Amino acid sequence: SEGRGEQILKTDQDNALLVRDGFDGTGLDTLAAQFNAALAQLGYPRCPGDIMLTNPLWRQPLAAFRDTMRGWIYGALPDGPMHLAIFFDAACVAGDAALLQEARSHLDRILSGQDQYLARFAAAADQFQEPGNWFKRLTTKRDEQPLDLKKLGTFPIVHGVRALALQYGVREHGTAARLAQLVAQDRLDTDLARDLLDALHLLMGIRLTHQIRQRAQGLEASNEVRPSALSTLEREPLHDALAIVRRFRAFLRQHFKFDAL
């Protein structure tokens, strides 16, 4: 999310290092440990998923990383699609940006013609379904259950747009920029792209307000919100935003032919 420029609250670490082929990497493991430790001292917790320089998977020469990406796509490891999603959102923060550009170009080449893989990748956007009577849960306190704004709202938009960007070679990092490029390429309807961006911004705003309130109360910030905690002016727009997400998931199911998986 920070690579896409869509994160406001400070999150855990997500970092990697691409090394130029032929570079003498002696001592890099020590430097990586020092780097991650320094970030932790600055208040960025270590990544629970180990997406950090101290993990050799995320600290490789370019040629070796090309092979790793090929394994994510052609291999059978269950973490492959998740790792690909993380890499695709990466932004260069220091060093030779051409190394990341070369890795992205290699990804474009090995993804060419891989429609079935792209469909499996995109299907993650459709894995979370609204609970039964979900709209009623926005209007009543009885039998109230929390709604996960990330699983039901922001993730399907972000990941669905990410999958389309992968399919069509869009290099932009942020979801808004990806949507604009997909429209410019005539890959996505203008109205749907506008609605998706509006829904994403609304959901991000509600989630941010909710998380700030949680932190002010000394609680850990989460993505789950109880409908009773929402104002009247939040509930109706939230209902409309989730309806847009549902329409987008239907588009993805048809576009990528999920039924054929």
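User: Is R162 buried or exposed?

Analyst: Buried means under 20% relative accessible area, exposed over 50%, and partly exposed in between, with a 1.4 Å probe and protein chains only. R162 has 7% relative accessibility, so this residue counts as buried. The model is predicted: local features need pLDDT of at least 70, side-chain atom pairs count only at pLDDT 80 or more, and totals for chains, interfaces and linings use all residues. Residues are numbered from 1 along each chain as its sequence is written, and side-chain values use heavy atoms, leaving out hydrogens and water.

User: Where does R162 lie, and which residues is R162 in contact with?

Analyst: R162 is part of helix α6; helices are DSSP runs (H or I, at least four residues), numbered from the N terminus. Contact means heavy atoms within 4.5 Å. Apart from neighbours within four places in sequence, R162 is in contact with R4, A85, F88, D89, F121 and R178.

User: How do I read the packing of α6 and α9?

Analyst: Two packed helices are described by the angle between their axes and the distance between the axes. Axes are lines fitted to C-alpha atoms, for helices over the stretch in contact, and angles run from 0 to 180 degrees between N-to-C directions. Here the axes of α6 (residues 149–168) and α9 (residues 232–256) come within 10 Å and cross at roughly 35°. Residues making the contact include L152 and A163 of α6, and L242 and F256 of α9.

User: Which residues does F256 touch?

Analyst: Not counting residues up to four places away in sequence, F256 touches L118, A119, A122, A163, L164 and Q167.

Terms used. Helices (H or I, at least four residues) and strands (E, at least two) are DSSP runs, numbered from the N terminus.
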